[in-house]
Amino acid sequence: MRFVFLFILLLTIVAFVEFVIGLNSVSGDLEGLLVYIEEIEWLLYPLAFVLLFVSTTLYHFIKISLFAWIGMGILKIMKRRGEYRHLWRTAALSVTFPTILSFGIGFLVENEWLPLMLSLLTLVYLYMAIKYYPKKPPQRN
């Protein structure tokens, strides 16, 4: 759990820096907006950071939970033992690299197929991890 929150904090800090740099470049074109931002920046930046952290946390927890739910289906198909809490942790680790990759590529390329491809990459990582889960014992009659 600590890993997920630290990872989300890192993503939030990078996104916040991007927001501040983008806001400064946009506000340089509009003089009135620049004056307004200078007057309220003591309120704008902390509030923006908190809202960004909360929304990023919500998004990533939902994403990890959905992948863990899909992992439960894969677990049953492969006849492996495991619980949702184990798969949630595995999904959290499986999501890490595709998220970093998505974040980095998002600065360079705009593509509507990219999130789907990275979701498939997450499923591949999840499948590879589930292969290491113990098999279910044969049922006795």
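Which residues does Thr56 touch, not counting residues up to four places away in sequence? Thr56 touches Ile8 and Thr12, where contact means heavy atoms within 4.5 Å. The model is predicted, so local features need pLDDT of at least 70 and side-chain atom pairs count only at pLDDT 80 or more, while totals for chains, interfaces and linings use all residues. Residues are numbered from 1 along each chain as its sequence is written, and side-chain values use heavy atoms, with hydrogens and water left out.

The protein has four helices and zero strands, and its elements run α-α-α-α from the N terminus on. Helices (H or I, at least four residues) and strands (E, at least two) are DSSP runs, numbered from the N terminus. Of the 141 residues, 29% count as buried; buried means under 20% relative accessible area, exposed over 50%, and partly exposed in between, with a 1.4 Å probe and protein chains only. Among contacts between residues at least 6 apart in sequence, 76% join residues at least 24 apart.

Thr56 belongs to helix α2. With a relative accessible area of 14%, Thr56 is buried. Its side chain reaches the backbone oxygen of Leu52 at 2.7 Å. That is a polar contact, a pair of N or O atoms within 3.5 Å; within protein, one must be able to donate a hydrogen and the other to accept it, and residues adjacent in sequence count only if both atoms are side-chain atoms.

Thr99 is found in helix α3 and is also buried, at a relative accessible area of 9%. A polar atom of the Thr99 side chain lies 2.7 Å from the backbone oxygen of Val95. Leaving aside residues up to four places away in sequence, Thr99 touches Phe7, Leu11, His60 and Lys63.

On a 1 Å grid over the protein atoms alone, a cavity is a set of points where a 1.4 Å probe fits but cannot get out, and a pocket is an open set with protein on both sides within 12 Å along at least five of seven lines; lining residues have an atom within 4 Å of a point. Grid points are joined across faces, edges and corners, and a volume is the space filled by probe spheres set on the points.

The largest pocket holds about 490 Å³ of space. It is lined by 22 residues, of which Tyr59, His60, Lys63, Thr99 and Ser102 are the closest to its centre. At least two lining residues come from each of α1 (2–27), α2 (31–77), α3 (84–106) and α4 (114–130). By class the lining has eleven nonpolar, eight polar and three charged residues. Ala, Val, Leu, Ile, Met, Phe, Trp, Tyr, Cys and Pro count as nonpolar, Asp, Glu, Lys and Arg as charged, and the others, Gly among them, as polar.

The count comes to one cavity of 30 Å³ or more. About 40 Å³ of space lies in the largest cavity, and its lining consists of Phe3, Val4, Phe7, Ile8, His60, Ile64, Ala92 and Val95. Two or more of these residues come from each of α1, α2 and α3, and α1 gives the most, with four. Seven of the lining residues are nonpolar, one is polar and none is charged.

Arg89, in helix α3, is exposed, with a relative accessible area of 52%. The C-alpha atoms of Arg89 and Ala68, 21 residues apart along the chain, are separated by 8.1 Å.
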